[in-house]
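Trainee: Could we go through this model together? I would like to begin with a strand connection and then move to the backbone.

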Amino acid sequence: MECAVSTDEFDLDARWTLHPQVALREESFGALLYHFGTRRLSFLKDVTVVEVVRALPDHSSARSALAAAGVETIDMYSKALAVLADSQMLVRA
Amino acid sequence: MTTLAPARLVDQFELGLAAPICLTWELTYACNLACVHCLSSSGRRDPRELSTRQCKDIIDELERMQVFYVNIGGGEPTVRPDFWELVDYATAHHVGVKFSTNGVRITPEVAVRLAASDYVDVQISLDGATAEVNDAVRGRGSFAMAIRALENLADAGFSDAKISVVVTRHNVAQLDAFKALADRYGATLRITRLRPSGRGADVWDELHPTAGQQRELYDWLVAHGDGVLTGDSFFHLSAFGQSLPGLNLCGAGRVVCLIDPVGDVYACPFAIHEKFLAGNVVADGGFEAVWQHSDLFTELRSPTTGGACARCSHFNACRGGCMAAKFFTGLPLDGPDPECVRGFGESALRVEREVPKPAVDHSRSIPLMVVNRPPRRRCDENPLSEFG
(Lines give C-alpha, C1' and ligand atoms only; values in the text may rest on other atoms or scores of the structure.)
Protein backbone atom coordinates (compact mmCIF):
# COMPACT_ATOMS: atom_id res chain seq x y z
CA MET A 1 0.00 0.00 0.00
CA GLU A 2 3.01 2.26 -0.32
CA CYS A 3 2.96 5.27 -2.58
CA ALA A 4 5.08 4.85 -5.64
CA VAL A 5 6.63 7.61 -7.67
CA SER A 6 7.25 6.94 -11.29
CA THR A 7 10.81 7.37 -12.46
CA ASP A 8 10.35 6.64 -16.15
CA GLU A 9 8.14 8.04 -18.81
CA PHE A 10 5.36 5.64 -19.64
CA ASP A 11 5.58 4.39 -23.21
CA LEU A 12 2.14 5.21 -24.52
CA ASP A 13 2.90 3.64 -27.88
CA ALA A 14 3.63 0.16 -26.56
CA ARG A 15 1.16 -2.66 -25.96
CA TRP A 16 0.66 -3.28 -22.23
CA THR A 17 -1.10 -5.87 -20.12
CA LEU A 18 -1.58 -6.79 -16.47
CA HIS A 19 1.27 -8.88 -15.08
CA PRO A 20 0.16 -12.56 -15.17
CA GLN A 21 0.41 -12.69 -11.35
CA VAL A 22 -1.85 -9.67 -10.86
CA ALA A 23 -5.54 -9.98 -9.98
CA LEU A 24 -8.05 -7.17 -10.37
CA ARG A 25 -11.09 -6.87 -8.13
CA GLU A 26 -13.73 -4.31 -8.95
CA GLU A 27 -15.07 -2.09 -6.19
CA SER A 28 -17.67 0.68 -6.25
CA PHE A 29 -14.96 3.38 -6.41
CA GLY A 30 -12.81 1.60 -9.00
CA ALA A 31 -10.75 -1.50 -8.31
CA LEU A 32 -8.05 -3.16 -6.26
CA LEU A 33 -5.02 -4.73 -7.88
CA TYR A 34 -3.03 -7.37 -6.05
CA HIS A 35 0.31 -8.71 -7.21
CA PHE A 36 0.78 -12.25 -5.91
CA GLY A 37 4.51 -12.08 -6.60
CA THR A 38 5.45 -8.78 -4.94
CA ARG A 39 2.50 -8.97 -2.47
CA ARG A 40 1.69 -5.38 -3.31
CA LEU A 41 -1.74 -3.86 -3.37
CA SER A 42 -2.72 -0.91 -5.56
CA PHE A 43 -5.91 1.03 -5.91
CA LEU A 44 -7.52 2.20 -9.12
CA LYS A 45 -9.45 5.20 -7.97
CA ASP A 46 -11.95 5.60 -10.76
CA VAL A 47 -13.91 3.41 -13.12
CA THR A 48 -12.36 4.86 -16.28
CA VAL A 49 -8.88 3.75 -15.33
CA VAL A 50 -10.31 0.29 -14.59
CA GLU A 51 -11.80 0.20 -18.07
CA VAL A 52 -8.48 1.31 -19.58
CA VAL A 53 -6.43 -1.23 -17.65
CA ARG A 54 -8.78 -4.04 -18.63
CA ALA A 55 -8.68 -3.01 -22.29
CA LEU A 56 -4.89 -2.54 -22.59
CA PRO A 57 -4.07 -5.99 -24.05
CA ASP A 58 -6.72 -5.57 -26.76
CA HIS A 59 -5.02 -2.48 -28.13
CA SER A 60 -1.75 -2.20 -29.97
CA SER A 61 -0.86 0.82 -27.81
CA ALA A 62 -1.89 2.32 -24.50
CA ARG A 63 -2.71 5.51 -26.42
CA SER A 64 -5.31 3.64 -28.41
CA ALA A 65 -6.81 2.08 -25.26
CA LEU A 66 -7.11 5.56 -23.70
CA ALA A 67 -8.74 6.93 -26.84
CA ALA A 68 -11.21 4.03 -26.94
CA ALA A 69 -12.21 4.83 -23.34
CA GLY A 70 -12.77 8.46 -24.35
CA VAL A 71 -9.96 9.79 -22.12
CA GLU A 72 -8.97 13.37 -22.91
CA THR A 73 -6.64 14.12 -20.00
CA ILE A 74 -3.93 11.80 -21.31
CA ASP A 75 -1.22 13.17 -19.01
CA MET A 76 -3.06 12.33 -15.81
CA TYR A 77 -3.82 8.78 -16.93
CA SER A 78 -0.37 8.30 -18.34
CA LYS A 79 1.09 9.11 -14.92
CA ALA A 80 -1.21 6.58 -13.26
CA LEU A 81 -0.21 3.89 -15.76
CA ALA A 82 3.46 4.74 -15.21
CA VAL A 83 3.08 4.10 -11.47
CA LEU A 84 1.47 0.74 -12.24
CA ALA A 85 4.30 -0.16 -14.62
CA ASP A 86 6.90 0.82 -12.02
CA SER A 87 5.38 -1.51 -9.47
CA GLN A 88 5.22 -4.31 -12.08
CA MET A 89 1.44 -4.35 -12.08
CA LEU A 90 1.60 -3.64 -15.81
CA VAL A 91 4.08 -5.25 -18.19
CA ARG A 92 4.69 -4.97 -21.91
CA ALA A 93 2.62 -7.48 -23.83
CA MET B 1 -1.02 4.19 -4.52
CA THR B 2 -2.44 5.13 -7.86
CA THR B 3 -4.04 8.50 -7.50
CA LEU B 4 -6.43 9.89 -10.04
CA ALA B 5 -9.52 11.40 -8.52
CA PRO B 6 -9.16 13.86 -5.65
CA ALA B 7 -11.55 11.81 -3.47
CA ARG B 8 -9.82 10.30 -0.47
CA LEU B 9 -9.60 6.54 -0.51
CA VAL B 10 -10.11 6.49 3.24
CA ASP B 11 -13.59 7.92 2.76
CA GLN B 12 -14.39 5.10 0.36
CA PHE B 13 -13.04 2.52 2.76
CA GLU B 14 -15.15 3.84 5.62
CA LEU B 15 -18.17 2.81 3.59
CA GLY B 16 -16.87 -0.73 3.22
CA LEU B 17 -15.70 -2.87 0.32
CA ALA B 18 -17.22 -5.74 -1.66
CA ALA B 19 -14.75 -8.06 0.07
CA PRO B 20 -12.16 -7.53 2.80
CA ILE B 21 -8.62 -6.46 1.95
CA CYS B 22 -7.27 -8.06 5.06
CA LEU B 23 -8.97 -11.14 6.40
CA THR B 24 -7.70 -12.91 9.50
CA TRP B 25 -8.69 -16.51 9.93
CA GLU B 26 -7.97 -18.19 13.24
CA LEU B 27 -7.97 -21.89 12.36
CA THR B 28 -7.92 -23.26 15.89
CA TYR B 29 -8.08 -22.17 19.50
CA ALA B 30 -5.66 -24.97 20.37
CA CYS B 31 -2.17 -23.79 21.32
CA ASN B 32 0.97 -25.29 22.77
CA LEU B 33 1.77 -21.97 24.45
CA ALA B 34 -0.24 -19.84 26.86
CA CYS B 35 0.98 -16.28 26.18
CA VAL B 36 -0.21 -13.91 28.87
CA HIS B 37 -1.53 -11.39 26.31
CA CYS B 38 -3.20 -13.81 23.88
CA LEU B 39 -5.80 -11.87 21.87
CA SER B 40 -7.99 -14.91 21.36
CA SER B 41 -7.60 -16.45 24.85
CA SER B 42 -6.38 -19.61 23.15
CA GLY B 43 -5.33 -22.89 24.68
CA ARG B 44 -7.92 -25.63 24.27
CA ARG B 45 -9.32 -26.77 20.94
CA ASP B 46 -13.01 -25.94 20.52
CA PRO B 47 -14.96 -29.16 19.87
CA ARG B 48 -17.07 -27.27 17.31
CA GLU B 49 -13.97 -26.38 15.26
CA LEU B 50 -14.70 -26.27 11.51
CA SER B 51 -13.98 -29.48 9.62
CA THR B 52 -11.53 -29.72 6.73
CA ARG B 53 -14.47 -29.71 4.30
CA GLN B 54 -16.00 -26.61 5.90
CA CYS B 55 -12.64 -24.83 5.72
CA LYS B 56 -12.30 -25.70 2.04
CA ASP B 57 -15.80 -24.38 1.40
CA ILE B 58 -14.73 -21.07 2.94
CA ILE B 59 -11.63 -21.00 0.71
CA ASP B 60 -13.84 -21.62 -2.35
CA GLU B 61 -15.93 -18.65 -1.32
CA LEU B 62 -12.88 -16.44 -0.74
CA GLU B 63 -11.67 -17.34 -4.22
CA ARG B 64 -15.02 -16.33 -5.72
CA MET B 65 -14.95 -13.05 -3.79
CA GLN B 66 -11.33 -12.44 -4.82
CA VAL B 67 -10.00 -12.16 -1.33
CA PHE B 68 -6.37 -12.13 -2.44
CA TYR B 69 -4.85 -13.53 0.74
CA VAL B 70 -5.71 -14.61 4.26
CA ASN B 71 -3.78 -14.11 7.46
CA ILE B 72 -4.00 -17.44 9.20
CA GLY B 73 -3.50 -17.60 12.94
CA GLY B 74 -4.94 -19.17 16.04
CA GLY B 75 -4.18 -20.54 18.56
CA GLU B 76 -1.28 -22.25 16.91
CA PRO B 77 -2.62 -23.03 13.43
CA THR B 78 0.07 -25.58 12.55
CA VAL B 79 -1.15 -27.99 15.21
CA ARG B 80 -4.25 -28.69 13.12
CA PRO B 81 -3.57 -32.04 11.43
CA ASP B 82 -4.97 -30.70 8.13
CA PHE B 83 -3.03 -27.41 8.29
CA TRP B 84 -0.71 -28.05 5.31
CA GLU B 85 -3.58 -29.51 3.31
CA LEU B 86 -5.55 -26.28 3.82
CA VAL B 87 -2.54 -24.10 2.96
CA ASP B 88 -2.06 -26.03 -0.28
CA TYR B 89 -5.76 -25.88 -1.06
CA ALA B 90 -5.86 -22.10 -0.55
CA THR B 91 -2.83 -21.34 -2.71
CA ALA B 92 -4.11 -23.68 -5.44
CA HIS B 93 -7.33 -21.63 -5.38
CA HIS B 94 -5.70 -18.21 -5.74
CA VAL B 95 -5.91 -17.31 -2.08
CA GLY B 96 -2.42 -16.45 -0.82
CA VAL B 97 -1.55 -17.47 2.74
CA LYS B 98 0.31 -15.59 5.45
CA PHE B 99 0.38 -17.58 8.62
CA SER B 100 1.49 -16.74 12.14
CA THR B 101 3.19 -19.38 14.23
CA ASN B 102 5.24 -19.70 17.37
CA GLY B 103 7.51 -21.98 15.34
CA VAL B 104 6.64 -25.28 16.98
CA ARG B 105 6.17 -27.16 13.70
CA ILE B 106 8.73 -25.32 11.55
CA THR B 107 11.15 -28.25 11.31
CA PRO B 108 13.95 -28.33 8.71
CA GLU B 109 11.68 -30.49 6.48
CA VAL B 110 8.73 -28.10 6.74
CA ALA B 111 11.04 -25.15 6.06
CA VAL B 112 12.19 -26.77 2.81
CA ARG B 113 8.59 -27.28 1.79
CA LEU B 114 7.71 -23.68 2.58
CA ALA B 115 10.71 -22.41 0.64
CA ALA B 116 9.35 -24.16 -2.45
CA SER B 117 6.05 -22.27 -2.41
CA ASP B 118 5.66 -18.85 -3.99
CA TYR B 119 2.44 -17.95 -2.25
CA VAL B 120 3.06 -18.61 1.42
CA ASP B 121 4.40 -16.06 3.90
CA VAL B 122 5.46 -17.06 7.39
CA GLN B 123 5.33 -14.90 10.47
CA ILE B 124 7.17 -16.03 13.58
CA SER B 125 5.88 -14.47 16.79
CA LEU B 126 8.47 -13.13 19.19
CA ASP B 127 7.82 -10.65 21.98
CA GLY B 128 11.33 -10.09 23.22
CA ALA B 129 14.69 -9.76 21.48
CA THR B 130 16.13 -11.79 24.35
CA ALA B 131 14.86 -15.01 25.92
CA GLU B 132 14.39 -13.23 29.22
CA VAL B 133 11.99 -10.60 27.91
CA ASN B 134 10.24 -12.94 25.46
CA ASP B 135 9.72 -15.91 27.74
CA ALA B 136 8.24 -13.77 30.50
CA VAL B 137 5.27 -13.18 28.19
CA ARG B 138 5.21 -16.23 25.89
CA GLY B 139 6.44 -18.96 28.23
CA ARG B 140 9.70 -20.74 28.98
CA GLY B 141 11.50 -22.09 25.92
CA SER B 142 9.41 -20.09 23.44
CA PHE B 143 12.32 -17.82 22.45
CA ALA B 144 14.54 -20.79 21.59
CA MET B 145 11.68 -22.38 19.65
CA ALA B 146 11.10 -19.24 17.56
CA ILE B 147 14.81 -18.79 16.84
CA ARG B 148 15.10 -22.44 15.79
CA ALA B 149 12.22 -21.89 13.34
CA LEU B 150 13.93 -18.79 11.92
CA GLU B 151 17.18 -20.72 11.55
CA ASN B 152 15.42 -23.58 9.79
CA LEU B 153 13.71 -21.18 7.39
CA ALA B 154 16.95 -19.34 6.63
CA ASP B 155 18.85 -22.62 6.13
CA ALA B 156 16.16 -23.84 3.72
CA GLY B 157 16.49 -20.67 1.64
CA PHE B 158 13.07 -19.33 2.60
CA SER B 159 13.33 -15.64 1.85
CA ASP B 160 11.76 -12.81 3.76
CA ALA B 161 10.15 -14.48 6.76
CA LYS B 162 8.50 -12.02 9.12
CA ILE B 163 9.29 -11.60 12.80
CA SER B 164 6.10 -10.46 14.46
CA VAL B 165 6.41 -8.48 17.66
CA VAL B 166 3.72 -7.12 19.95
CA VAL B 167 5.16 -3.93 21.41
CA THR B 168 5.12 -3.88 25.22
CA ARG B 169 6.55 -1.80 28.02
CA HIS B 170 9.36 -4.33 28.34
CA ASN B 171 10.42 -4.69 24.71
CA VAL B 172 9.96 -1.18 23.34
CA ALA B 173 13.62 -0.49 24.16
CA GLN B 174 14.59 -3.51 22.04
CA LEU B 175 13.29 -2.25 18.69
CA ASP B 176 16.79 -1.87 17.28
CA ALA B 177 17.70 -5.32 18.59
CA PHE B 178 14.61 -6.81 16.89
CA LYS B 179 15.62 -5.12 13.65
CA ALA B 180 19.12 -6.59 13.96
CA LEU B 181 17.63 -10.03 14.65
CA ALA B 182 15.44 -9.76 11.56
CA ASP B 183 18.42 -8.69 9.46
CA ARG B 184 20.45 -11.65 10.73
CA TYR B 185 17.85 -14.10 9.37
CA GLY B 186 17.05 -12.18 6.19
CA ALA B 187 13.63 -11.50 7.69
CA THR B 188 11.38 -8.45 7.88
CA LEU B 189 10.35 -7.00 11.21
CA ARG B 190 6.65 -6.54 11.86
CA ILE B 191 5.54 -4.75 15.00
CA THR B 192 1.98 -4.42 16.22
CA ARG B 193 0.10 -2.82 19.03
CA LEU B 194 -0.72 -4.61 22.30
CA ARG B 195 -4.50 -4.79 22.53
CA PRO B 196 -6.44 -5.29 25.76
CA SER B 197 -8.29 -8.15 24.03
CA GLY B 198 -8.62 -11.74 25.21
CA ARG B 199 -6.15 -12.45 28.01
CA GLY B 200 -4.52 -9.17 27.01
CA ALA B 201 -7.21 -7.47 29.10
CA ASP B 202 -5.67 -8.96 32.26
CA VAL B 203 -2.15 -7.69 31.60
CA TRP B 204 -2.73 -4.54 29.55
CA ASP B 205 -2.32 -2.17 32.50
CA GLU B 206 1.16 -3.50 33.26
CA LEU B 207 2.30 -4.24 29.71
CA HIS B 208 1.10 -1.43 27.46
CA PRO B 209 3.75 1.17 26.62
CA THR B 210 3.82 4.25 28.83
CA ALA B 211 3.05 7.67 27.34
CA GLY B 212 6.78 8.39 27.06
CA GLN B 213 7.40 5.07 25.36
CA GLN B 214 4.63 5.77 22.85
CA ARG B 215 6.48 8.88 21.79
CA GLU B 216 9.69 6.85 21.52
CA LEU B 217 7.87 4.29 19.41
CA TYR B 218 6.44 6.97 17.14
CA ASP B 219 9.87 8.54 16.61
CA TRP B 220 11.33 5.12 15.88
CA LEU B 221 8.57 4.41 13.33
CA VAL B 222 9.12 7.74 11.61
CA ALA B 223 12.85 6.96 11.36
CA HIS B 224 12.57 3.29 10.37
CA GLY B 225 8.99 2.97 9.12
CA ASP B 226 9.91 2.12 5.54
CA GLY B 227 11.56 -1.20 6.31
CA VAL B 228 9.16 -2.26 9.04
CA LEU B 229 5.63 -3.62 8.76
CA THR B 230 2.98 -2.52 11.24
CA GLY B 231 -0.32 -3.85 9.88
CA ASP B 232 -1.56 -0.28 10.27
CA SER B 233 -1.45 -0.93 13.99
CA PHE B 234 -0.26 2.40 15.29
CA PHE B 235 -2.49 4.84 13.46
CA HIS B 236 -3.48 6.36 16.80
CA LEU B 237 0.12 7.65 17.03
CA SER B 238 -0.28 9.67 13.84
CA ALA B 239 -1.69 12.42 16.03
CA PHE B 240 1.90 13.09 17.20
CA GLY B 241 2.60 14.72 13.86
CA GLN B 242 3.14 13.23 10.47
CA SER B 243 0.89 10.41 9.45
CA LEU B 244 2.40 6.93 9.52
CA PRO B 245 2.36 4.76 6.37
CA GLY B 246 -0.91 2.90 5.87
CA LEU B 247 -4.59 3.66 5.73
CA ASN B 248 -4.84 5.32 9.15
CA LEU B 249 -8.36 4.25 9.91
CA CYS B 250 -10.14 1.59 11.90
CA GLY B 251 -10.87 -1.02 9.26
CA ALA B 252 -13.16 -3.15 11.43
CA GLY B 253 -16.00 -4.55 9.32
CA ARG B 254 -14.99 -2.17 6.51
CA VAL B 255 -11.76 -3.59 5.08
CA VAL B 256 -10.89 -6.07 7.83
CA CYS B 257 -12.57 -8.90 9.67
CA LEU B 258 -11.94 -12.15 11.51
CA ILE B 259 -13.24 -15.67 10.98
CA ASP B 260 -12.75 -17.68 14.17
CA PRO B 261 -12.19 -21.45 14.46
CA VAL B 262 -15.91 -22.23 14.73
CA GLY B 263 -16.82 -19.99 11.77
CA ASP B 264 -17.95 -16.97 13.75
CA VAL B 265 -17.23 -13.71 11.93
CA TYR B 266 -16.07 -10.79 14.06
CA ALA B 267 -15.43 -7.20 12.99
CA CYS B 268 -11.69 -7.46 13.60
CA PRO B 269 -9.08 -9.83 15.05
CA PHE B 270 -8.99 -7.84 18.29
CA ALA B 271 -12.70 -7.97 18.95
CA ILE B 272 -13.67 -11.51 19.84
CA HIS B 273 -16.77 -10.57 21.79
CA GLU B 274 -20.49 -10.98 21.09
CA LYS B 275 -20.81 -7.21 20.69
CA PHE B 276 -18.69 -7.47 17.51
CA LEU B 277 -20.05 -10.78 16.24
CA ALA B 278 -21.55 -10.31 12.76
CA GLY B 279 -22.66 -13.90 12.12
CA ASN B 280 -21.47 -17.42 11.41
CA VAL B 281 -20.31 -18.76 8.05
CA VAL B 282 -22.11 -22.07 8.57
CA ALA B 283 -25.33 -20.91 10.20
CA ASP B 284 -25.82 -17.67 8.25
CA GLY B 285 -25.38 -18.74 4.65
CA GLY B 286 -21.65 -18.33 4.10
CA PHE B 287 -18.99 -15.67 4.53
CA GLU B 288 -20.09 -13.42 1.69
CA ALA B 289 -23.59 -13.12 3.12
CA VAL B 290 -22.20 -12.14 6.52
CA TRP B 291 -19.67 -9.70 5.06
CA GLN B 292 -22.13 -7.96 2.80
CA HIS B 293 -25.38 -8.05 4.73
CA SER B 294 -24.90 -8.44 8.48
CA ASP B 295 -26.50 -5.74 10.60
CA LEU B 296 -23.29 -5.15 12.53
CA PHE B 297 -21.13 -4.55 9.47
CA THR B 298 -23.77 -2.32 7.89
CA GLU B 299 -23.72 -0.24 11.06
CA LEU B 300 -19.90 -0.08 11.16
CA ARG B 301 -19.90 1.20 7.58
CA SER B 302 -22.17 4.13 8.27
CA PRO B 303 -20.37 7.47 8.51
CA THR B 304 -18.95 8.18 11.97
CA THR B 305 -19.36 11.48 13.74
CA GLY B 306 -16.34 11.15 15.98
CA GLY B 307 -18.31 11.76 19.16
CA ALA B 308 -16.27 13.39 21.91
CA CYS B 309 -13.21 13.41 19.63
CA ALA B 310 -14.83 15.26 16.74
CA ARG B 311 -13.70 18.68 17.95
CA CYS B 312 -10.10 17.58 18.53
CA SER B 313 -7.67 19.08 16.04
CA HIS B 314 -6.03 15.65 15.64
CA PHE B 315 -9.24 13.79 14.80
CA ASN B 316 -8.36 13.57 11.12
CA ALA B 317 -5.05 11.94 12.01
CA CYS B 318 -6.18 9.26 14.46
CA ARG B 319 -9.94 8.99 13.71
CA GLY B 320 -10.57 8.27 17.37
CA GLY B 321 -8.21 5.29 17.50
CA CYS B 322 -8.92 1.61 17.99
CA MET B 323 -12.47 0.44 18.67
CA ALA B 324 -11.35 -2.78 20.37
CA ALA B 325 -8.88 -0.97 22.64
CA LYS B 326 -11.69 1.31 23.81
CA PHE B 327 -14.23 -1.45 24.25
CA PHE B 328 -12.04 -3.78 26.28
CA THR B 329 -10.87 -1.02 28.59
CA GLY B 330 -14.49 -0.04 29.22
CA LEU B 331 -14.26 3.30 27.41
CA PRO B 332 -17.07 4.65 25.20
CA LEU B 333 -16.60 3.79 21.52
CA ASP B 334 -17.15 7.38 20.39
CA GLY B 335 -14.54 8.78 22.79
CA PRO B 336 -10.75 8.78 22.88
CA ASP B 337 -8.49 5.74 22.54
CA PRO B 338 -7.03 4.62 25.90
CA GLU B 339 -3.60 5.47 24.47
CA CYS B 340 -4.68 8.81 22.98
CA VAL B 341 -1.45 10.74 22.52
CA ARG B 342 -2.99 13.90 23.97
CA GLY B 343 -3.67 12.07 27.22
CA PHE B 344 -7.48 12.13 26.96
CA GLY B 345 -7.50 8.33 27.22
CA GLU B 346 -5.53 8.36 30.45
CA SER B 347 -7.95 10.73 32.11
CA ALA B 348 -10.91 8.68 30.81
CA LEU B 349 -9.36 5.57 32.34
CA ARG B 350 -9.28 7.22 35.76
CA VAL B 351 -13.07 7.54 35.79
CA GLU B 352 -15.05 4.60 37.17
CA ARG B 353 -15.82 2.26 34.29
CA GLU B 354 -17.00 -1.26 33.69
CA VAL B 355 -14.59 -3.51 31.80
CA PRO B 356 -16.52 -6.10 29.74
CA LYS B 357 -15.97 -9.74 30.58
CA PRO B 358 -14.47 -11.85 27.81
CA ALA B 359 -17.26 -13.72 26.02
CA VAL B 360 -15.10 -16.43 24.48
CA ASP B 361 -12.31 -18.07 26.47
CA HIS B 362 -10.38 -21.20 25.54
CA SER B 363 -7.59 -20.73 28.07
CA ARG B 364 -6.34 -23.91 29.60
CA SER B 365 -7.23 -24.05 33.28
CA ILE B 366 -4.80 -25.08 35.97
CA PRO B 367 -3.26 -28.46 34.99
CA LEU B 368 -5.26 -31.41 36.31
CA MET B 369 -3.68 -33.10 39.32
CA VAL B 370 -3.50 -36.87 39.45
CA VAL B 371 -5.13 -38.03 42.66
CA ASN B 372 -3.17 -40.88 44.14
CA ARG B 373 -5.50 -42.47 46.60
CA PRO B 374 -6.18 -46.21 46.79
CA PRO B 375 -9.73 -47.21 45.83
CA ARG B 376 -12.00 -47.88 48.78
CA ARG B 377 -14.36 -50.18 46.92
CA ARG B 378 -13.85 -52.39 43.91
CA CYS B 379 -16.41 -50.41 41.96
CA ASP B 380 -14.36 -47.19 42.35
CA GLU B 381 -12.05 -48.67 39.74
CA ASN B 382 -14.58 -50.45 37.62
CA PRO B 383 -18.28 -49.83 38.06
CA LEU B 384 -19.07 -53.15 36.39
CA SER B 385 -16.83 -55.19 38.68
CA GLU B 386 -19.79 -56.57 40.64
CA PHE B 387 -21.31 -57.91 37.46
CA GLY B 388 -18.35 -59.99 36.31
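Trainee: How many residues join β2(A) to β3(A) in the hairpin?
Mentor: The hairpin connects β2(A) to β3(A) through 2 residues. Strands here are DSSP runs of E with at least two residues, helices are runs of H or I with at least four residues, and both are numbered from the N terminus. Please note that this is a predicted model, in which local features need pLDDT of at least 70, side-chain atom pairs count only at pLDDT 80 or more, and totals for chains, interfaces and linings use all residues. Residues are numbered from 1 along each chain as its sequence is written, while chains are lettered from A and ligands numbered from 1 in the order in which they are written.

Trainee: In which sense do these strands pair, and over how many bridges?
Mentor: Strand β2 of chain A, residues 22-27, and strand β3 of chain A, residues 30-35, pair in the antiparallel sense over 6 bridges. Pairing requires that DSSP find at least two bridges between two strands.

Trainee: And what stands opposite Leu24(A)?
Mentor: Leu33(A), in β3(A), stands opposite Leu24(A).

Trainee: Turning to chain B, how many helices and strands are there?
Mentor: Chain B has 15 helices and 9 strands. Its C-alpha trace spans about 85 × 50 × 45 Å along the principal axes.

Trainee: What share of chain B is buried?
Mentor: Buried residues are 46% of the 388 in chain B. A residue is buried if 20 or more other C-beta atoms, placed from the backbone, lie within 10 Å of its own, exposed if 12 or fewer do, and partly exposed in between.

Trainee: Which peptide bond is cis?
Mentor: The bond from Gly74(B) to Gly75(B) is cis, with omega near 20°. Gly75(B) lies in the loop between β2 (69-74) and α3 (83-92) of chain B.

Trainee: Where is Asp160(B), then?
Mentor: Asp160(B) is in the loop between α6 (142-155) and β5 (162-167) of chain B. Its phi is positive, about 60°, although Asp160(B) is not a glycine.

Trainee: Is Asp160(B) buried or partly exposed?
Mentor: Asp160(B) counts as partly exposed because it has 13 C-beta neighbours inside 10 Å.

Trainee: What about Arg319(B)?
Mentor: Arg319(B) also is not a glycine and has a positive phi, near 55°. Arg319(B) sits in the loop between α12 (315-318) and α13 (323-328) of chain B. With 22 C-beta neighbours inside 10 Å, Arg319(B) counts as buried.
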